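User: I would like to go through this model term by term, and hear for each label which criterion stands behind it.

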Amino acid sequence: QVQLVESGGGSVQSGGSLRLSCAASGSIFSINAMGWYRQAPGKQRELVAQITTGGSTNYADSVKGRFTVSRDNAKNMVYLQMNSLKPEDTAVYYCKALIRRSSGDYLGQYWGQGTQVTVSS
């Protein structure tokens with residue numbers, strides 16, 4: 001059993017900051033890429049940022065220069081520092097990780113339950 005649990009969401013005014021955290025726990029042999037997605041009402045879920053085990057990152061154009069993704073491999077955690085938040089950043093943010101549960105296991109895709117981020121103007 002593998003679980004991803006997000007924390008750190010909330011409400012903030014435009015221009016403010018929030019930091020999201022996601023902890024992976026359970027039967028974990030190794031974790032490949034970790035990342036953050038978001039889904040606003042009436043819209044499809046979209047990639048926000050992702051980071052590989054080695055630290056290579058990829059960002060959506062809409063958040064470049066404002067958001068920073070990082071991870072702590074020893075703690076199986078990934079973070080998303082969000083600065084200069086805008087109302088259009090309002091969404092449910094989901095953590096995703098590619099996890100192998102044993103040395104012979106396939107690489108499975110796991111999601112957190114989501115955390116709400118609301119930015120008011």
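Analyst: Strands are DSSP runs of E with at least two residues, helices are DSSP runs of H or I with at least four, and both are numbered from the N terminus. Two strands pair if DSSP finds at least two bridges between them. In these terms, Arg38 has Glu46 in S5 as its bridge partner. The model is a predicted one, in which local features need pLDDT of at least 70 and side-chain atom pairs count only at pLDDT 80 or more, whereas totals for chains, interfaces and linings use all residues. Residues are numbered from 1 along each chain as its sequence is written, and side-chain values use heavy atoms, with hydrogens and water left out.

User: How do you know that S4 and S5 pair?

Analyst: Strand S4 (residues 30-39) and strand S5 (residues 46-51) share five bridges in the antiparallel sense, and because at least two bridges are required, the two strands count as paired. Six residues lie between the strands of this hairpin, and Gly42 there takes a positive phi near 80 degrees.

User: What makes S5 and S6 a pair as well?

Analyst: S5 and strand S6 (residues 57-59) are joined antiparallel over three bridges, and Gln50 stands opposite Asn58 in S6. These two strands form a hairpin with five residues between them, where Gly55 in the turn has a positive phi of about 100 degrees.

User: Why are S1 and S7 called edge strands?

Analyst: An open sheet of four strands runs in the order S1-S3-S8-S7 with antiparallel pairing. Strand S1 (2-7) and strand S7 (67-72) are its edge strands, since each pairs on one side only. The twist from one strand to the next averages 15 degrees, with axes being lines fitted to C-alpha atoms (for helices over the stretch in contact) and angles running from 0 to 180 degrees between N-to-C directions. Within this order, strand S3 (residues 18-26) and strand S8 (residues 77-82) pair in the antiparallel sense over six bridges, and Ala23 stands opposite Met77 in S8.

User: Why does Asn76 count as partly exposed?

Analyst: Buried means under 20% relative accessible area and exposed over 50%, with partly exposed in between (1.4 Å probe, protein chains only). Asn76 has 23% relative accessibility and therefore counts as partly exposed. Asn76 is placed in the loop between S7 and S8 and has a positive phi of about 55 degrees although it is not a glycine. Most residues other than glycine have a negative phi.

User: What makes Ser84 partly exposed?

Analyst: Ser84 has 40% relative accessibility, so the label partly exposed applies to Ser84 too. Ser84 lies in the loop between S8 and strand S9 (91-100), and its phi is near 50 degrees, a positive value in a residue other than glycine.

User: How do you know that the radius of gyration agrees with a compact globule?

Analyst: The radius is taken over C-alpha atoms, and the globule rule is 2.2 Å times the number of residues to the power 0.38. For 121 residues a compact globule would have a radius near 14 Å, and the protein chain has 14 Å, so the two agree. The C-alpha trace spans about 50 × 25 × 25 Å along its principal axes, and 41% of the 121 residues count as buried.

User: Which elements does the protein chain have, by the DSSP criterion?

Analyst: The protein chain has zero helices and eleven strands.
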